[in-house]
2 protein chains.
Amino acid sequence: MTTALNTDMYEFTMLRSAVADGTADKAATFEVFARSLRNGNRYGVLAGTGRLLDAIEDYRLDTDTLDWLLDTGIIDPATREWIGDDWTFTGRITGYREGELYFPNSPVLTVSGRFGEAVLLETLILSVLNHDSAVATKAARIRAAAGTRTVIEMGSRRTHEDAAVAAARATAIAGFDATSNLAAARAYGIKAVGTAAHAWTLAHRTEAATFDAQIAALGVDTTLLIDTYDIETGTREAIAAARRAGRTGPGAIRIDSGDLALESKRCRRILDEAGATTTRIVVSGDLDEHTIATLTDAPIDGYGIGTKVVSGLTAPGFVYKLVEIADTNGMRPVSKEAEGKRTVGGRKRAWRETTAHGHAAIEHVATPMGNATPQCVGGELRNLIVELWDGSRTDRSTVADARTVNAAAIAELRDDALAVHPGTPTVLTIVTEPR
Amino acid sequence: MTTALNTDMYEFTMLRSAVADGTADKAATFEVFARSLRNGNRYGVLAGTGRLLDAIEDYRLDTDTLDWLLDTGIIDPATREWIGDDWTFTGRITGYREGELYFPNSPVLTVSGRFGEAVLLETLILSVLNHDSAVATKAARIRAAAGTRTVIEMGSRRTHEDAAVAAARATAIAGFDATSNLAAARAYGIKAVGTAAHAWTLAHRTEAATFDAQIAALGVDTTLLIDTYDIETGTREAIAAARRAGRTGPGAIRIDSGDLALESKRCRRILDEAGATTTRIVVSGDLDEHTIATLTDAPIDGYGIGTKVVSGLTAPGFVYKLVEIADTNGMRPVSKEAEGKRTVGGRKRAWRETTAHGHAAIEHVATPMGNATPQCVGGELRNLIVELWDGSRTDRSTVADARTVNAAAIAELRDDALAVHPGTPTVLTIVTEPR
């Protein structure tokens with residue numbers, strides 16, 4: 001399935017105008033960045049890069065697609081001819097590694113090529129990076145709030161069925177321990193988990209029959225959902241069922257309703273009194289970093305995170321802006337001056353400066369005409385931009401790689417950057433403008 | 001591409017337990033409903049039904065998928081055998097027509113079949129209906145606020161690349177006039193629009209050159225984006241370019257930044273003074289029903305709606321609950337008692353009652369053991385539930401059909417239901433519980 005029509009129409013009408021006046025063949029550079037962080041976030045997590053490279057590999061303007069574009073009058077014969085057959089993106093893409101953090105004006109992706117080919121990728125690039133980074137950023141905040149407790153992504157039912165797969169992938173990059181989503185587990189090698197819903201209990205006459213049947217099928221290490229009728233009774237029934245299977249308690253119980261702080265304490269006491277001290281308690285129900293922060297003292301072993309990590313998110317506001325284009329005198333930096341939407345022209349380089357204590361402090365972004373590599377005293381300067389595509393795909397980093405990148409970048413943050421309440425970017429961006 | 005793994009793992013582990021204890025073959029009924037409307041919405045718009053039926057047709061448990069499920073230990077050989085080869089859903093699905101409104105506890109979809117087959121569809125059903133209905137509900141509110149002005153969906157870059165296609169479809173159902181998304185235009189026959197981005201202007205030395213080239217390629221009826229540098233200058237350049245092409249003004253100008261109320265008035269005056277009285281003004285930039293409500297007096301002809309109709313939305317909270325299952329005495333209604341999550345058992349019927357003035361007033365939801373068809377005096381009673389699948393797909397309603405259903409249902413609402421500020425459901429749901 002080609003991704004070529006996962007786009008705004010204006011990319012093709014711009015190409016049409018550009019073919020007509022010769023702009024299509026000019027060398028051009030586009031940059032992806034966000035003007036600010038949203039919702040008082042102190043950092044953003046870049047995610048989607050690997051999925052984007054997959055999508056660009058799947059971007060095919062086959063005869064069928066081109067015929068449709070011609071028949072509808074979106075492109076004209078000259079544009080059809082310019083595109084040719086077997087179109088693939090032959091330009092160059094560089095960018096931050098997937099999982100890396102970003103701050104206002106971080107040049108997270110740079111696309112160079114002929115204007116006509118680079119413009120076609122705009123919508124696809126922004127869709128993937130905006131969606132996946134929104135999820136990964138939220139997930140990183142939740143991961144930090146949960147500390148060492150297990151965090152499981154289970155939001156599939158609250159978002160589009162394919163967005164769900166990308167969301168599970170993004171939460172894995174941000175350090176979640178597992179997902180409920182099987183397509184993501186299969187495609188990206190993420191650990192999948194799941195046992196039963198309330199329907200399973202309702203399908204039986206009693207919780208005893210429910211739990212006996214589940215333990216018989218899935219083993220006594222399974223997680224029993226104990227809140228269909230009454231949480232205390234459910235917990236006692238779970239213990240009784242485990243005992244009938246020869247153990248003091250099941251692997252875990254899950255509470256999906258009620259006051260989770262109170263209920264988890266009550267369940268823990270019942271479990272401990274019955275000797276089921278190793279039975280884990282997993283809770284779920286509209287959780288995010290804010291609710292998790294209120295549960296740090298509760299005897300909880302794992303969180304199931306659904307709605308709040310896949311929906312209701314503010315997109316990071318990544319934009320794709322032309323920053324330079326070929327002119328008679330070589331590459332000309334360009335910038336926009338619309339109110340509140342000013343941009344800085346020119347292809348950028350970027351480094352993150354850490355202090356002598358190893359804390360991320362400054363994001364240096366430089367245009368070619370700006371200063372050379374910035375100097376820093378005592379700390380270190382880390383280049384942020386790597387090659388991803390050069391004529392064809394050159395980067396094949398995995399989800400596991402991105403997870404490692406993310407963990408390392410998060411580890412560089414000062415502790416206060418991980419607070420859950422709204423704040424300001426924890427790293428200061430310094431853009432060196434042309435002199 | 002099969003949709004079978006677009007699911008939470010627990011559907012398959014439940015099936016495994018259910019195969020082991022015989023529950024898998026029991027006749028069962030599941031119901032989709034929302035406990036409440038979100039964000040103070042006065043109504044919800046059901047969308048996704050047609051796309052869901054497509055997805056259920058694409059749900060195939062092929063050998064490859066089954067081997068993976070077996071190899072990972074998610075299912076066991078007995079479950080593999082129960083599923084068999086060439087699995088398709090052979091049960092029955094009924095529900096509200098796509099585009100219909102819903103209120104708290106409206107039974108928007110009912111799935112009957114063997115427990116084992118109906119349980120497998122849960123996640124897919126909820127993903128599609130939650131996502132598409134969230135977008136359609138927001139879009140209907142925006143459509144109402146915009147009155148007779150043109151509304152264009154252009155949010156693709158702010159959401160997952162495939163969710164974008166579904167979102168464009170949902171906004172068309174809710175009455176939007178066009179979309180920027182080409183995949184949606186092609187798949188669903190929705191009108192696509194688009195001309196150029198700021199990059200097109202930046203790629204040229206002057207706005208004059210930009211607009212001349214665009215008019216040469218796309219015709220003088222095109223929409224010129226006039227806010228790259230200065231809105232007033234851009235407007236005058238747009239008029240000048242149209243004049244060079246022999247017309248008093250271009251088809252439209254678009255303003256994508258600044259104070260849209262002020263700028264649209266300024267642009268209108270400049271256009272009118274130049275005789276370009278038929279040039280339309282289209283505005284965009286983080287618009288939703290609330291910002292549109294502040295622009296009713298501005299001389300605006302069309303709104304481009306992006307971020308706010310595709311992202312940051314609260315999912316409707318549709319759930320998929322077992323409401324009855326076969327027992328020795330026939331079908332047994334079942335219900336859950338968890339705190340704040342109580343359900344009503346039994347297969348439901350539903351009617352919407354309109355007053356003598358034709359206004360929607362009451363949503364009657366009845367269980368089989370409840371009252372018979374409710375009586376109403378003076379008004380009318382409209383059955384809400386139609387057949388969608390009976391062994392195989394029986395409903396092939398189009399996006400155009402759903403749009404018609406939606407327009408008719410919205411037309412039944414009292415005027416105050418279309419207010420943009422938060423309120424309560426405009427139709428009262430009366431659930432007749434078993435006596």
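Predicted model: local features only at pLDDT ≥ 70, side-chain atom pairs only at ≥ 80, totals over all residues.

Visitor: Okay. What rotation superposes chain A on chain B?

Guide: A rotation of 180 degrees, with 0.0 Å of shift along the axis, and the RMSD is 0.0 Å. The two copies are therefore related as by a two-fold rotation axis.

Visitor: Which C-alpha of chain A is nearest the axis?

Guide: That of A:Gly312, which is 1.9 Å from the axis.

Visitor: And how much of chain A's set of contact residues recurs in chain B?

Guide: 100% of them, and the same surface serves both copies.

Visitor: Which lining residues are closest to its centre?

Guide: Both chains show up there: A:Val310, A:Ser311, B:Thr159, B:Val310 and B:Ser311 are the closest, out of 26 lining residues.

Visitor: Which elements give two or more residues to that lining?

Guide: Helix α6 (122-146) of chain A and α6 (122-146) of chain B.

Visitor: What's the make-up of the lining by class?

Guide: Twelve nonpolar, twelve polar and two charged residues.

Visitor: Now A:Arg169. Where is that one found?

Guide: In helix α7 of chain A, which covers residues 163-173.

Visitor: Is A:Arg169 buried or exposed?

Guide: Buried: its relative accessibility is 3%, and the cut-off for buried is under 20%.

Visitor: What does A:Arg169 touch, leaving out residues up to four places away in sequence?

Guide: A:Gly48, A:Gly50, A:Arg51, A:Glu98, A:Asp132, A:Tyr188, A:Ile190 and A:Val399.

Visitor: On to chain B. What's the strand order in the open sheet of six strands?

Guide: β7-β6-β11-β10-β9-β8, with parallel pairing. The edges are β7 (178-179) and β8 (223-225), each of which pairs on one side only.

Visitor: How many bridges join β10 and β11 of chain B?

Guide: Three, between residues 280-284 of β10 and residues 302-305 of β11. In that pair, B:Ser284 stands opposite B:Gly304.

Visitor: And in what sense do β12 and β13 of chain B pair, parallel or antiparallel?

Guide: Antiparallel, over four bridges, with β12 at residues 318-327 and β13 at residues 330-333. They form a hairpin with two residues between them, and B:Asp327 stands opposite B:Gly330.

Conventions. Residues numbered from 1 in each chain as written. Chains lettered and ligands numbered in written order. Heavy atoms only, no water. Least-squares fit on C-alpha atoms with pLDDT ≥ 70 in both. Contact = heavy atoms within 4.5 Å. Buried < 20%, exposed > 50% of the residue type's maximum accessible area, 1.4 Å probe, protein only. 1 Å grid on protein atoms, 1.4 Å probe; cavity = no way out; pocket = protein on both sides within 12 Å on 5 of 7 lines; lining within 4 Å. Nonpolar A, V, L, I, M, F, W, Y, C, P; charged D, E, K, R; others polar. Pairing = 2+ DSSP bridges.
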